[in-house]
Amino acid sequence: MSTLDATRAELALIVLYLNKAEARDKICRAIQYGSKFLSNGQPGTAQNVDKSTSLARKVFRLFKFVNDLHGLISPVPRGTPLPLALLGKSKNALLSTFLFLDQIVWLGRTGIYKNKGRTELIGRISLFCWMGSSICTTLVELGELRRLSKSMKKLEKNLKDSDKYKSEEYCAKLQKSNERTLALVKAGLDIVVAVGLLQLAPKKVTPHVTGALGFATSLISCYQLLPSPSKSKVN
């Protein structure tokens, strides 16, 4: 493959990535929290970028609550323990509520909905829903990692006479474990970000901390949305 063909293929992947509304939203999220980190809650250009980007992101999330509403009414995978299934459904319900209420906040911030006090109240309720969904996600990922660890140990015993890294099944489980570990880290950091946005611990979780952790979770989200190597080869 020539250099031009390689460059064209790489640009095609970038276009494919940027065509996703979710990817553009997460890039804007990184800009938003990066600005929050720089401003540290002080008036200025960085804070203006933070506020304007936050408002712009809400457009990308219009009707996005339908995704989690669909997940809420969809059947759980067979063999999923009841506690994990309930936590998963709770996460879907809370995230769907957050995204729905966030649309009302957008209407208030743009001036379409005139009740400013109620807009602020709905905004806080929506953030509590997001924090609750992040807590549920953390618990689900911990439970799934525990299940995955048990199945990997069982598989290791069966493969004790051979190289486990040559087993496709073991490598697939290892990759899944890495993905869930990353999702666990992101969900845990998002809980702290929500605490910062709600100002539940203003002395400890300052705008500086909220911005830094929000920027980190945005980068993780951007990474999670990258096309997988297998899909890239097919394309």
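Reader: What percentage of the 235 residues in the protein chain is buried?
Author: Buried residues come to 35%, where buried means under 20% relative accessible area with a 1.4 Å probe, counting protein chains only. This is a predicted model, so local features need pLDDT of at least 70 and side-chain atom pairs count only at pLDDT 80 or more, while totals for chains, interfaces and linings use all residues. Residues are numbered from 1 along each chain as its sequence is written, and side-chain values use heavy atoms, with hydrogens and water left out.

Reader: OK, how many helices and strands in the protein chain?
Author: There are 9 helices and 0 strands, both taken as DSSP runs (H or I, at least four residues, for helices; E, at least two, for strands) numbered from the N terminus.

Reader: Where is confidence lowest?
Author: In helix α9 (residues 229-234), with a mean pLDDT of 45; pLDDT is the predictor's confidence in each residue, from 0 to 100. Helix α8 (residues 207-224) is the highest, at 95. The chain's mean is 90, and 96% of its residues reach 70 or more.

Reader: And which residues stay under 50?
Author: Residues 230-235, for which the model has 3 contacts (heavy atoms within 4.5 Å) beyond four places in sequence.

Reader: Switching to packing: which residues have the most contacts inside the largest nonpolar core?
Author: F98, W130 and M131, in a core of 13 residues. A nonpolar core here is a set of buried Ala, Val, Leu, Ile, Met, Phe, Trp, Tyr and Cys residues joined through side-chain atoms within 4.5 Å. Helices α5 (82-109), α6 (116-158) and α7 (168-198) each supply at least two of its residues.

Reader: What is W130 in contact with, leaving aside neighbours within four places in sequence?
Author: R29, L95, F98, D190, V193, A194 and L197.

Reader: What covers the buried residues of α7?
Author: The cover includes α2 (21-39), α6 and α8. Among the buried residues of α7 are Y170, K186, D190, V193 and A194.

Reader: Why does the end-to-end distance of α7 agree with its length?
Author: At 1.5 Å a residue, its 31 residues should span 45 Å, and the end C-alpha atoms are 45 Å apart, so the two agree. The expected span is 1.5 Å times one less than the number of residues.

Reader: What comes just after α7?
Author: Q199, with a positive phi of about 55 degrees. As for α5, G111 follows that helix, and its phi is positive too, near 95 degrees.

Conventions
Buried < 20%, exposed > 50% of the residue type's maximum accessible area, 1.4 Å probe, protein only.
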